[in-house]
Each structure stands twice: as C-alpha cells, then as structure tokens.
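Here is a short report on helices and salt bridges. The chain and its coordinates come first.

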Amino acid sequence: MSTCRLIYRSIANEETLTNDELAKLQYTAVSNNNTLGITGILILSGDQFLQVLEGESEHVNELYHKISRDPRHH
C-alpha cells in the first residue's frame with residue numbers, strides 16, 4: 001500500500017455550522033480517522049471547509065468517497 005495526501009475544499013450547508021453539529025462532526029471524524037490510520041486537518045473559514053487527509057491510499061480514497069456523499073456540504 002502507498003501513502004497519499006488528498007486536499008479538497010467544500011462549502012458547508014447552513015445547518016452544519018451550528019456549534020453542536022461541528023462538535024459531532026469533529027468527534028466522529030477523529031474516531032473514524034484513528035481507526036483507519038488517517039491523519040489530517042479540517043479548517044473552517046466562514047462557510048468553507050478545507051481538509052487535508054493523509055494515510056494509506058485505499059483508506060483515504062474510501063473516506064473521501066464517503067465524505068463526498070455527505071449532505072452537510074457540497
């Protein structure tokens with residue numbers, strides 16, 4: 001397996017930006033990423049997310065496909 005870095009930007013839906021929703025997102029992401037051996041960073045500025053994911057290519061790609069279907073952003 002090879003290691004990769006994936007960087008993407010998306011726009012959050014308004015309901016995603018509540019403190020409660022962001023806290024849930026962070027908790028779930030940390031737990032899932034630790035399980036998959038993925039590291040990275042998620043930055044929120046206004047309504048825009050910038051995320052960097054690093055880890056085994058297969059895991060990063062699987063996670064990105066899951067993230068891309070998440071209705072909390074586009």
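Lysine 24 and glutamate 21 lie 3 residues apart in helix α1, so about one helical turn separates them. Helices (H or I, at least four residues) and strands (E, at least two) are DSSP runs, numbered from the N terminus. This is a predicted model: local features need pLDDT of at least 70, side-chain atom pairs count only at pLDDT 80 or more, and totals for chains, interfaces and linings use all residues. Residues are numbered from 1 along each chain as its sequence is written, and side-chain values use heavy atoms, with hydrogens and water left out.

The structure holds 3 salt bridges. The criterion is a side-chain nitrogen of Lys or Arg within 4 Å of a carboxyl oxygen of Asp or Glu.

| Salt bridge | N to O distance |
|---|---|
| Arginine 5 – glutamate 54 | 2.3 Å |
| Lysine 24 – glutamate 21 | 3.4 Å |
| Arginine 72 – aspartate 70 | 2.5 Å |

Arginine 5 in strand β1 and glutamate 54 in strand β3 are 49 residues apart, so the pair links distant parts of the chain. Arginine 5 is exposed at 58% relative accessible area. Aspartate 70 is buried at 17%. Buried means under 20% relative accessible area, exposed over 50%, partly exposed in between (1.4 Å probe, protein chains only). Glutamate 54 is partly exposed at 25%.

Ser57, Val60, Leu63 and Ile67 are the buried residues of α2. They fall within an arc of 135° seen down the axis, so they line one face of the helix. The arc is that of the directions from the helix axis to the C-beta atoms. These buried residues pack against β1, α1 and β3, with contact meaning heavy atoms within 4.5 Å.
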